[in-house]
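Biologist: Please take a close look at one helix of this model and the part of the structure around it. I would like a connected account, beginning with the residues on the helix itself.

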Amino acid sequence: MVEFRMPSLGADMEKGTLVEWYVKPGDSVKRGDIIALVETDKGAIDIEVFDDGVIDKIIVQPGDEVPVGSVLALIRTEKEGVPIVEPRAVEEPKPEKPMTKPVEKHIRVSPLARKLATELGIDLSLIKGTGPGGAIERADVERAAEEKKIVKPVPPEEEVSPPVTTQKPPADLKARMRRAIAAAMSRSNREIPHYYLETHIDMSSALRRLEAENQKRSIKERLLPAVLLIKATALALKDIPELNGYWVDDRLEVQEVIHVGFAISLRQGGLVIPAIHNTDLKSLDEIMEKMRDLIIRTRSGHLRSSQLTDATVTVTNLGDTGVETVFGVIYPPQVALVGFGKITEKPWAENGMIGIRPIVNATLAADHRATDGHRGSQFLETLNRYLQEAEKL
Amino acid sequence: MTDSEIKEIIFKLLKEIAPEADFSEITPNENIREVLDIDSFDFLNFLIGINAELGIDIPESDYGQLRTLAEIVSYISARVNLNQ
């Protein structure tokens with residue numbers, strides 16, 4: 001029997017509220033299936049299962065708030081004699097919800113409806129809006145919530161309290177998210193001896209490549225410079241692996257996979273850092289699509305648990321706001337944060353000549369327990385090299 | 001297509017990105033991205049919306065001409081009315 005526990009969706013999470021089960025006892029589940037919705041300081045998160053098996057028993061009921069690590073359900077696994085037709089190792093689970101198709105447009109939704117949908121755990125992409133221009137309004141979400149209750153059969157022996165009554169108002173979510181960020185960042189500043197390095201990178205070659213590429217594309221398929229920066233960061237981390245990992249139990253655990261966490265700010269305040277899995281192996285198009293998906297999921301409150309749990313490094317790109325340099329605070333237990341400012345035209349001297357070039361300031365905030373400045377500077381130099389050979393990205 | 005019709009479409013698209021914004025307070029010559037705190041992803045989505053609604057494909061090299069409400073309206077107006 002495997003215990004399915006309340007996952008920790010980051011160092012700053014202490015507890016979560018189970019909002020809804022998508023499965024009942026007797027249901028078969030596969031690794032990567034979304035089986036529950038949990039309300040956390042980061043909003044409502046879809047929780048995935050990590051084993052193939054059959055749901056044996058539901059332990060925590062909707063509406064219950066439990067600490068990280070609490071057993072939520074028991075799962076009978078294959079070893080225990082449950083036939084599993086096609087066990088597959090899902091490296092990155094194929095999401096089954098329509099939300100994961102490359103979304104070309106924002107879902108039109110009123111702010112009130114969005115908040116309500118987040119609270120009720122309703123997938124906005126599944127709702128048909130009846131407002132102006134097909135916009136989803138409060139009434140549409142309420143209707144969807146009603147239908148969901150009717151359609152989803154609840155096993156008779158399970159007494160399910162309506163999740164609605166246990167939900168806290170959104171203002172409280174905002175306050176809790178602020179507190180969660182405060183806790184993680186305080187821990188970071190308290191425990192991590194940061195060192196900071198900065199370098200200026202000539203983006204001419206990278207932007208030329210991007211421009212040439214974008215000229216060939218329709219507007220929907222265009223790439224943003226952030227995609228190049230993220231890909232180059234992932235490749236540089238492959239060369240300097242000590243910056244890609246966790247500081248746990250007084251030692252560095254280098255991670256073999258590179259999951260770049262990408263800081264996404266929320267309009268209402270706060271910050272969520274979902275991960276782009278295996279960033280180094282993805283094409284620029286795949287990274288762009290992934291970022292689009294993550295931004296929409298983050299802002300509509302429907303991230304999957306694996307997208308929040310396993311970033312091995314963080315990238316923060318504040319270029320849009322106009323700042324030139326970012327001095328980041330590492331998200332524990334990670335050991336590095338790479339920051340990018342605005343790409344700005346600057347006078348640039350090279351080979352005895354002065355020219356005007358688009359320049360980005362790239363910074364590294366790294367954990368001095370895990371690496372030293374020499375290794376950190378090699379990372380920034382490697383990052384620079386990849387951006388000078390942007391055709392290889 | 002009149003300027004006010006174009007403006008209506010622009011506001012509708014911006015409303016999806018910045019639902020909390022009060023568009024009556026935006027003056028024609030303010031930088032929209034700064035006023036509404038629109039990042040490059042949202043801006044691209046806005047242009048994709050313009051493309052879907054009005055059929056105008058805006059090349060990347062023209063992004064610099066689309067900073068203020070007045071600029072966006074006149075850019076769109078020049079192209080939409082040419083097509084008609």
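Predicted model: local features only at pLDDT ≥ 70, side-chain atom pairs only at ≥ 80, totals over all residues.

Modeller: On helix α1(B), the exposed residues Ser4(B) and Glu8(B) sit on the face turned away from its buried side. The buried residues of α1(B) are Ile6(B), Ile10(B), Leu13(B), Leu14(B) and Ile17(B). Viewed down the helix axis, these buried residues fall within an arc of 100°, so they line one face of α1(B). The length of the helix can be checked too: α1(B) has 15 residues, which at 1.5 Å a residue should span 21 Å, and its end C-alpha atoms are 21 Å apart, so the two agree.

The next matter is the contact between the chains. In total, 19 residues of chain B are in contact with 17 residues of chain A. On the chain B side, the elements that give two or more residues are α1 (3–17) and α3 (40–54). Of the elements on that side, α3(B) gives the most, with nine residues. The chain B residues that touch chain A divide into nine nonpolar, four polar and six charged.

Asp37(B) is found in the loop between α2 (32–36) and α3 of chain B. Its phi is near 55°, a positive value in a residue other than glycine. Asp37(B) counts as partly exposed, because 14 other C-beta atoms lie within 10 Å.

Between them, 14 residues of domain 1 of chain A are in contact with 13 residues of domain 2 of chain A. Strand β5 (residues 43–48) of chain A gives the most to the domain 1 side, with six residues. The residues on that side of domain 1 divide into seven nonpolar, three polar and four charged.

Strand β5 of chain A also belongs to a sheet. Five strands of chain A form this open sheet, in the order β7-β2-β4-β5-β16, and the pairing is mixed. Its edge strands are β7 (65–67) and β16 (303–304) of chain A, each pairing on one side only. Strands of a sheet pair through backbone hydrogen bonds, either parallel or antiparallel. Strand β2 (residues 15–21) of chain A runs antiparallel to β7(A), and three bridges join the two. Gly16(A) has Val66(A) in β7(A) as its bridge partner.

Two loops of chain A complete the account. Pro333(A) lies in the loop between β17 (313–317) and β18 (336–340) of chain A. The peptide bond joining Pro332(A) and Pro333(A) is cis, with omega about 5°. Asn351(A) has its place in the loop between β19 (344–350) and β20 (353–367) of chain A. Asn351(A) is not a glycine, yet it has a positive phi of about 50°. With 5 C-beta neighbours inside 10 Å, Asn351(A) counts as exposed.

Note on methods:
Residues numbered from 1 in each chain as written. Chains lettered and ligands numbered in written order. Contact = placed C-beta atoms within 7 Å. Helix = DSSP H or I, 4+ residues; strand = E, 2+ residues; numbered from the N terminus. Nonpolar A, V, L, I, M, F, W, Y, C, P; charged D, E, K, R; others polar. Buried ≥ 20, exposed ≤ 12 C-beta atoms within 10 Å, placed from the backbone. Pairing = 2+ DSSP bridges. Expected span 1.5 Å × (residues − 1). Arc of directions from axis to C-beta.
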